Amino acid sequence: MRKEKYFTQESIATVAGAMAGSLPANRRAAAFRPGEAALLVVDMQEYFLRPESHAFLPAAPAILANVLALAEACERSGRPVFLTRHANTPANSRQMALWWRELLTADHPLGAIVSGLARPA
């Protein structure tokens, strides 16, 4: 499978704008209320951000600076930041173990949230 770098830090604004413009219009307007907002950061783990990992996503490093800045801004304004971390066990991995050729377990060396984003437990 060929991995593609969808965007770089230099092109992300232009490419993301084009992607957003290609989405169907929202049928129902929703007001953004910053005072009630939370940030959900999904699976920003070394496993997906390190070039030596076979699960590396080439475009992922381009979003890291923006994710870090957004998380810091949310925390400064008192808004919660939630981080998810993908992990499998032999019992629940099913096709993931075949697809990734290994299990991303809770104690996997690359399973940690990326440096700078990880928060104390």
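Q: Which residues touch the most other members of the largest nonpolar core?
A: In soluble globular proteins, nonpolar side chains tend to be buried together. A nonpolar core is a set of buried Ala, Val, Leu, Ile, Met, Phe, Trp, Tyr and Cys residues joined through side-chain atoms within 4.5 Å, where buried means under 20% relative accessible area, exposed over 50%, and partly exposed in between (1.4 Å probe, protein chains only). Here the largest core has 13 residues, and Leu-39, Val-41, Met-44, Val-81 and Leu-117 touch the most other members. Two or more residues come from each of β1 (39–41) and α3; helices (H or I, at least four residues) and strands (E, at least two) are DSSP runs, numbered from the N terminus. The largest share, five residues, is that of α3.
This is a predicted model: local features need pLDDT of at least 70, side-chain atom pairs count only at pLDDT 80 or more, and totals for chains, interfaces and linings use all residues. Residues are numbered from 1 along each chain as its sequence is written, and side-chain values use heavy atoms, with hydrogens and water left out.

Q: What does Val-41 touch, not counting residues up to four places away in sequence?
A: Contact means heavy atoms within 4.5 Å. By that rule, Val-41 touches Val-67, Val-81, Phe-82, Leu-83, Thr-84 and Leu-117.

Q: Is Ala-62 buried or exposed?
A: Ala-62, in helix α3 (residues 60–76), is buried because its relative accessible area is 9%.
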